Amino acid sequence: MICQRCGENKAVIALQQLNEAGKVESLYLCENCAANEALSSEKDLVKAMDTFSEVALDFLTLLQKEENAQKELACGNCQLSFEEFLQTNRVGCSECYSAFEEQLVPIIGRVQNGYKKHVGKVPVEVERAEGFQNEISRLQEKLAQLVKNEAFEEAAIIRDEIKALKAGGEEK
């Protein structure tokens with residue numbers, strides 16, 4: 001087979017690479033063209049490493065600026081700095097939550113398995129009442145949809161379920 005680059009010498013090396021479409025392409029080269037291909041590949045690699053170095057440096061600079069901004073951040077009420085909060089993991093006052101909101105929300109999310117808002121405990125009676133109310137709301141939406149679709153027999157059944165839930169909720 002003849003070299004596909006120069007078209008003169010006998011091909012002794014087969015290079016395979018993925019093209020942009022994701023298909024394997026083969027390139028058959030002689031020793032001279034293969035050496036030139038290797039040199040151009042090295043130059044491309046050096047260019048890529050230079051570009052990567054510049055991007056990494058920009059990223060590190062950005063991180064440093066962000067870190068410096070966080071060190072300067074302080075609560076207007078108790079003067080606690082964000083850096084002090086990070087050392088103690090304790091806020092100084094209720095205003096700290098507003099002052100450090102942007103920084104605290106991701107931290108709270110990580111600590112509480114993704115939950116970023118604390119709801120606290122709910123008394124069983126209140127939770128049960130909310131459960132009844134949620135079920136009634138869900139059934140009312142379903143009832144409205146059934147009436148809209150003119151499924152009146154099913155709507156009557158849902159209406160009766162709503163009445164029963166309301167009667168049961170009033171007794172307790």
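Biologist: Is Arg159 buried, partly exposed or exposed?

Modeller: Arg159 is partly exposed, because its relative accessible area is 39%. Please note that the model is predicted.

Biologist: Which residue does the side chain of Arg159 meet in a salt bridge?

Modeller: The partner is Asp160, with an N to O distance of 3.2 Å. Asp160 has a relative accessible area of 40%, so Asp160 is partly exposed as well.

Biologist: How many salt bridges are there in the count?

Modeller: The count comes to 2 salt bridges. Besides the one between Asp160 and Arg159, the side chains of Arg138 and Glu135 meet at 2.7 Å, N to O.

Biologist: Where do Arg138 and Glu135 lie?

Modeller: Both lie in helix H5, 3 residues apart, which is about one turn of the helix. Arg138 counts as partly exposed because its relative accessibility is 43%. Glu135 is likewise partly exposed, since its value is 29%.

Biologist: Let us stay with H5. Which residues of the helix are buried?

Modeller: Ile136, Leu139 and Leu146 are buried in H5.

Biologist: How far apart are the end C-alpha atoms of H5, and what span should the helix have?

Modeller: Helix H5 covers residues 124–148, and its end C-alpha atoms are 36 Å apart. The expected span counts one less than the number of residues.

Biologist: What follows H5?

Modeller: H5 is followed by Glu150, a residue in the loop between H5 and helix H6, which covers 152–171. The phi of Glu150 is positive, near 60°, although Glu150 is not a glycine.

Biologist: Is Glu150 buried or exposed?

Modeller: Glu150 is exposed, because its relative accessible area is 59%.

Biologist: Where is Gln79 found, and what is its phi?

Modeller: Gln79 is found in the loop between helix H1 (31–72) and helix H2 (82–88). Its phi is positive, about 65°, and Gln79 is not a glycine. The relative accessible area of Gln79 is 52%, so this residue is exposed.

Biologist: Turning to the records, which residues does UniProt list for "coiled-coil region"?

Modeller: An unreviewed UniProt entry lists residues 129–156 under that name. In the model this span is 89% helix and 0% strand, and its end C-alpha atoms lie 24 Å apart.

Biologist: And which residues are listed for "domain: UVR"?

Modeller: For that feature the unreviewed UniProt entry gives residues 133–168. The chain over residues 133–168 is 92% helix and 0% strand, with end C-alpha atoms 11 Å apart.

Biologist: Now the whole chain, please. How many helices and strands does it have?

Modeller: The chain has 6 helices and 2 strands. From the N terminus on, the order of elements is β-β-α-α-α-α-α-α.

Biologist: What share of the residues is buried?

Modeller: Buried residues make up 15% of the 172 residues in the chain.

Biologist: What share of the contacts join residues at least 24 apart?

Modeller: The share is 23%, taken among contacts between residues at least 6 apart in sequence.

Biologist: What about Ile2: which residues is it in contact with, leaving aside its neighbours within four places in sequence?

Modeller: Ile2 is in contact with Gly7, Glu8, Asn9, Ala11 and Tyr28. Ile2 and Tyr28 are 26 residues apart along the chain, and their C-alpha atoms are separated by 7.6 Å.

Biologist: Where is the place of Ile2?

Modeller: Ile2 is in the segment before S1. It is partly exposed, because its relative accessible area is 46%.

Biologist: One last topic: which residues make the nonpolar surface patch of about 220 Å²?

Modeller: The patch is made by Val12, Ile13 and Leu15. Leu15 lies in strand S1, which covers residues 13–18. Its relative accessibility is 33%, so Leu15 counts as partly exposed.

Conventions: Residues are numbered from 1 along each chain as its sequence is written. This is a predicted model: local features need pLDDT of at least 70, side-chain atom pairs count only at pLDDT 80 or more; totals for chains, interfaces and linings use all residues. Side-chain values use heavy atoms; hydrogens and water are left out. UniProt positions are given in the numbering used here, feature names are shortened, and annotations may be inferred rather than shown by experiment. Helices (H or I, at least four residues) and strands (E, at least two) are DSSP runs, numbered from the N terminus. The expected span of a helix is 1.5 Å times one less than its number of residues. Buried means under 20% relative accessible area, exposed over 50%, partly exposed in between (1.4 Å probe, protein chains only). Contact means heavy atoms within 4.5 Å. Patches are made of residues with over 30% relative accessible area and no salt bridge: like charges are joined within 9 Å, nonpolar side chains (Val, Leu, Ile, Met, Phe, Trp, Tyr) within 5 Å. Accessible areas come from the Shrake-Rupley method with a 1.4 Å probe; for residues, only the protein chains shown count as cover. A salt bridge is a side-chain nitrogen of Lys or Arg within 4 Å of a carboxyl oxygen of Asp or Glu.
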